[in-house]
Amino acid sequence: MNKLEALFDAVIVKPIEDDGETMYGSIFIPDAGKDRNERGTVVAVGPGSELAGVGFVPTVVKVGDTVILPTMGFSKLQFQGEEYYIGNEKQILAKITDNE
């Protein structure tokens with residue numbers, strides 16, 4: 001069975017499904033036409049990359065992290081019937097963590 005493997009400082013993210021609707025009382029307002037940042041779960045992370053004058057810089061995010069992606073920048077990728085986003089780690093806007 002094939003699987004996705006990230007290289008260098010690439011990150012592969014599985015989007016978290018959002019119904020895209022807001023409810024006001026009993027009225028649903030669709031989210032059509034809004035630019036929103038995408039939330040997703042990291043499914044693969046490359047080891048890192050070489051940075052001139054510094055050396056090897058490892059990636060920070062880990063598989064299983066929930067992250068916020070920019071509205072533009074990550075590429076959509078179809079793989080074995082599933083949709084993913086792939087891009088450089090430095091493009092990730094934020095990581096969602098538990099308040100523990």
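How many bridges join strand β1 and strand β4, and in which sense do the two strands pair? Let's look. This is a predicted model.

The answer: β1, residues 10-15, pairs with β4, residues 38-45. The sense is antiparallel, over five bridges. In general, strands of a sheet pair through backbone hydrogen bonds, either parallel or antiparallel.

Now step back to the sheet. β1 and β4 belong to an open sheet of six strands. The order is β8-β9-β1-β4-β7-β10, and the pairing is antiparallel. At the edges stand β8 (75-79) and β10 (94-96). Each has a single partner strand, so one side of each is left without a neighbour in the sheet. From one strand to the next, the twist averages 45°.

Next, the whole chain. There are 10 strands and zero helices. Read along the sequence, the pattern is β-β-β-β-β-β-β-β-β-β. The chain has 100 residues, and buried ones make up 27% of them. Take the contacts with a separation of 6 or more: residues 24 or more positions apart account for 62% of those.

The chain exposes about 7,300 Å². Carbon and sulfur atoms supply 53% of that area.

Leucine 51 sits in strand β5, residues 48-51. Its relative accessible area is 47%, so leucine 51 counts as partly exposed.

Methods
Residues are numbered from 1 along each chain as its sequence is written. This is a predicted model: local features need pLDDT of at least 70, side-chain atom pairs count only at pLDDT 80 or more; totals for chains, interfaces and linings use all residues. Side-chain values use heavy atoms; hydrogens and water are left out. Helices (H or I, at least four residues) and strands (E, at least two) are DSSP runs, numbered from the N terminus. Buried means under 20% relative accessible area, exposed over 50%, partly exposed in between (1.4 Å probe, protein chains only). Contact means heavy atoms within 4.5 Å. Accessible areas come from the Shrake-Rupley method with a 1.4 Å probe; for residues, only the protein chains shown count as cover. Two strands pair if DSSP finds at least two bridges between them. Axes are lines fitted to C-alpha atoms, for helices over the stretch in contact, and angles run from 0 to 180 degrees between N-to-C directions.
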